[in-house]
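Welcome! Please take a moment to look over the sequence and the 3D view, and then we can walk through a few places together.

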Amino acid sequence: MTTDGSTTTGVSADRFDTGRFEADRARLASLSYRLLGSAADAEDVVQDAFLQWQAADRRRIRVPEAWLTKVVTHLCLDRLRSARVRRERAVGAWLPEPLLDGDPMLGPADTFEQRESVSLAVLTLMERLSPLERAVYLLREAFSYSHAEIAGILDVTESASQQHLHRARSRLTAARRRGGADEVDPASARRIVEEFLDAASSGRTERLVALLTDDVTAISDGAGLTGKLLRYDTPRRVAAVARAGFTPTRAKRRFAGGTPAVHSALVNGAPALLFVLGGRVIGCVTFDVVGGRIATVRGIAAPARLARLGEAWRRREPEAPLVARW
C-alpha cells in the first residue's frame, strides 16, 4: 500500500487523488484566507496547491495534510512578500475582504482565538506583522499546530517559531483596542445595527455620538473610486459622516442603479448592514463593538471586495429588511 492509501496493484480510479485533496480544501482555504485577508487570493492559492498536488509523486508524501499545509503556507508567504502586494498595501488602500457568517473560509470557529483570527479587526492588525510572524501566529492560535510542527512547515527551528509567536502576540496585544471587540450573537448584532441606522437617519447627531466610543474610527473604501482609504476619527466627525452617508439622495440612487434594501447581517462575526439591490450586495458596513458601543465602522462597496459575500447572500433566504426601500 502507498503512503496515500491506494494500492500499488491495479490502477486507481482517481489517479490525481482529487478526493484526498478535496477533503482538505476547506481547511486550506481557511488558512489561506487568514494569511492573506482575501478570499479571491485564497482561492487562487488553493488552486495552485492542487496543481502542485497533481504534479507531486504522492507515493513519497507520508502525511498529506502536513504536505498540503506546507505548500499552501509557502504560497501565501510568497504572495505576502511579493512587490505587488507590498505596494498595494503600503499605499493605504487595503481592507480585508468581508465574508458572510457561515462561509466555510471562516472556520474553524470552535474557540475564541479561532473566531477572533477572522475578525476584520484582527485581519487588519495582521498587517503589522511580518509574513513569518503572521504564519506562526495563525498556525498556532487558529489551527493548534505545535512549535515542532510549525518549524517543519516553515523550515525554521522550534526556537525561532516560539520567538515569532512571542513577537506576534506582543504586537497584536499592543495594537488591540482594550482587548478587542465584543463577541455578539445575531440578536445583539441586529439590535446594534438597528440603533445605528435609526440614529444615523434621525438627523440628531447626539443620538449617534452616544452610540460611539470616545476613540471611534470610521474607514471607507470609497466604493473603490479613491486611491486610498478614507479615514475619520472623533465621535462627532464619524457621526457627521455617517449621517451624510446614510441619508438617501437621488444622486446616490443613480450611482447605485436603483433603490436598495438594507438588511442586518453578521460579517466576519461582527454586526453589519448590507445594501442589497436586485439580489446584489452593493455595500457593506461593519461595526466593531467594545463595551456595548461602536468602536470601528468600516464601509466597503468596491465590487471586487464584495464578490464572494454577494454570492453567499444570493444563496440565502434572508429575513425581512430593516429598510425595504432606502
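Leaving aside residues up to four places away in sequence, which residues does serine 38 touch?

## Serine 38 and its partners

Serine 38 touches Tyr33 and Glu97, with residues up to four places away in sequence not counted. Keep in mind as you look that this is a predicted model. You can find serine 38 in the loop between α1 (18–36) and α2 (39–55).

The contact with glutamate 97 has a polar side to it: the two side chains make a polar contact at 3.4 Å. Serine 38 has a relative accessibility of 11%, under the 20% cut-off, and therefore counts as buried.

## Where two helices cross

Next, turn to helix α8 (residues 147–154) and helix α9 (residues 158–175). Their axes come within 8 Å and cross at roughly 100°, so α8 and α9 are roughly perpendicular to each other.

On the α8 side, the residues that meet α9 are His147, Ala148, Ile150 and Ala151. Their counterparts in α9 are Glu158, Ser161, Gln162 and Leu165. By type, the residues of this contact divide into four nonpolar, three polar and one charged.

## Glycine 283 in strand β5

Glycine 283 sits in strand β5 (residues 280–290). With a relative accessible area of 9%, glycine 283 is buried. Residues up to four places away in sequence aside, glycine 283 touches Leu273, Leu274, Phe275, Ile300, Ala301 and Leu306.

## Backbone details in the loops

Glycine 107 and proline 108 are joined by a cis peptide bond, with omega about -5°. Proline 108 is found in the loop between α4 (83–90) and α5 (112–116).

Threonine 234 is not a glycine, yet has a positive phi of about 70°. This threonine lies in the loop between β2 (230–233) and α12 (235–245), and at 42% relative accessibility threonine 234 counts as partly exposed. Asparagine 268 also has a positive phi, near 50°, and belongs to the loop between β3 (261–267) and β4 (270–277). At 4% relative accessibility, asparagine 268 counts as buried.

## Cysteines

How many disulfides does the structure hold? The count is zero. Cysteine 76 counts as buried at 0% relative accessibility, and cysteine 284 counts as buried at 1%.

Technical notes
Residues numbered from 1 in each chain as written. Predicted model: local features only at pLDDT ≥ 70, side-chain atom pairs only at ≥ 80, totals over all residues. Heavy atoms only, no water. Axes fitted to C-alpha atoms, helices over the stretch in contact; angles between N-to-C directions. Helix = DSSP H or I, 4+ residues; strand = E, 2+ residues; numbered from the N terminus. Parallel < 35°, antiparallel > 145°, perpendicular 65-115°, else oblique. Contact = heavy atoms within 4.5 Å. Nonpolar A, V, L, I, M, F, W, Y, C, P; charged D, E, K, R; others polar. Disulfide = S-S within 2.5 Å. Buried < 20%, exposed > 50% of the residue type's maximum accessible area, 1.4 Å probe, protein only. Polar contact = N/O pair within 3.5 Å; in protein donor to acceptor, adjacent residues only side chain to side chain.
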